[in-house]
Amino acid sequence: MASQQSASNHSNRRHKHEGRQKHIVAFIFSIVLSLIAFAAVASVAEVNATFIIIILLVMAVLQVIIQMAYWMHMKDKGHLLPLVFMLGGAFVALTCIVMALYWVWW
């Protein structure tokens, strides 16, 4: 009896598989973002450099979100602690970069 309850509890807690379609869509979206970034860099002669930098930063942020959500499964339940540590690390790194720039320029 106890083994049947244990088996049924294990099957209820099993990770739900997303399926191939979401991974293919995420992969195609990543490829499209990469192609947009390459096209922006290739058009450096025709377009303002500041605009290209902004486009590249936006593409990088979108790539990070796609990578974390679909390939690292950060959108699933139970991944809050790694996400908190990654955001904390990003905050510390960004603070160090800002302070280094502040120290160099002023």
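This is a predicted model: local features need pLDDT of at least 70, side-chain atom pairs count only at pLDDT 80 or more; totals for chains, interfaces and linings use all residues.

Modeller: Residues are numbered from 1 along each chain as its sequence is written, and side-chain values use heavy atoms, with hydrogens and water left out.

Biologist: Which helix gives the largest share of the nonpolar patch?

Modeller: The patch covers about 1000 Å² and includes I24, F27, W71 and M86. Helices are DSSP runs (H or I, at least four residues), numbered from the N terminus. Eight residues, the largest share, come from residues 20-42, helix α2.

Biologist: Is W71 buried, partly exposed or exposed?

Modeller: W71 lies in helix α3, residues 49-71. Buried means under 20% relative accessible area, exposed over 50%, and partly exposed in between (1.4 Å probe, protein chains only). W71 has 35% relative accessibility, so the residue counts as partly exposed.

Biologist: Which residues does S30 contact, leaving aside neighbours within four places in sequence?

Modeller: S30 belongs to helix α2 and is buried, at a relative accessible area of 8%. Contact means heavy atoms within 4.5 Å. With those neighbours left aside, the partners of S30 are Q63, I66, Q67 and W71.

Biologist: How far apart are the end C-alpha atoms of residues 83-105?

Modeller: An unreviewed UniProt entry places "transmembrane region" at residues 24-45, 51-71 and 83-105; such annotations may be inferred rather than shown by experiment. Residues 83-105 are 100% helix and 0% strand, and their end C-alpha atoms are separated by 33 Å.

How values were computed. Patches are made of residues with over 30% relative accessible area and no salt bridge: like charges are joined within 9 Å, nonpolar side chains (Val, Leu, Ile, Met, Phe, Trp, Tyr) within 5 Å. Accessible areas come from the Shrake-Rupley method with a 1.4 Å probe; for residues, only the protein chains shown count as cover. A salt bridge is a side-chain nitrogen of Lys or Arg within 4 Å of a carboxyl oxygen of Asp or Glu. Helices (H or I, at least four residues) and strands (E, at least two) are DSSP runs, numbered from the N terminus.
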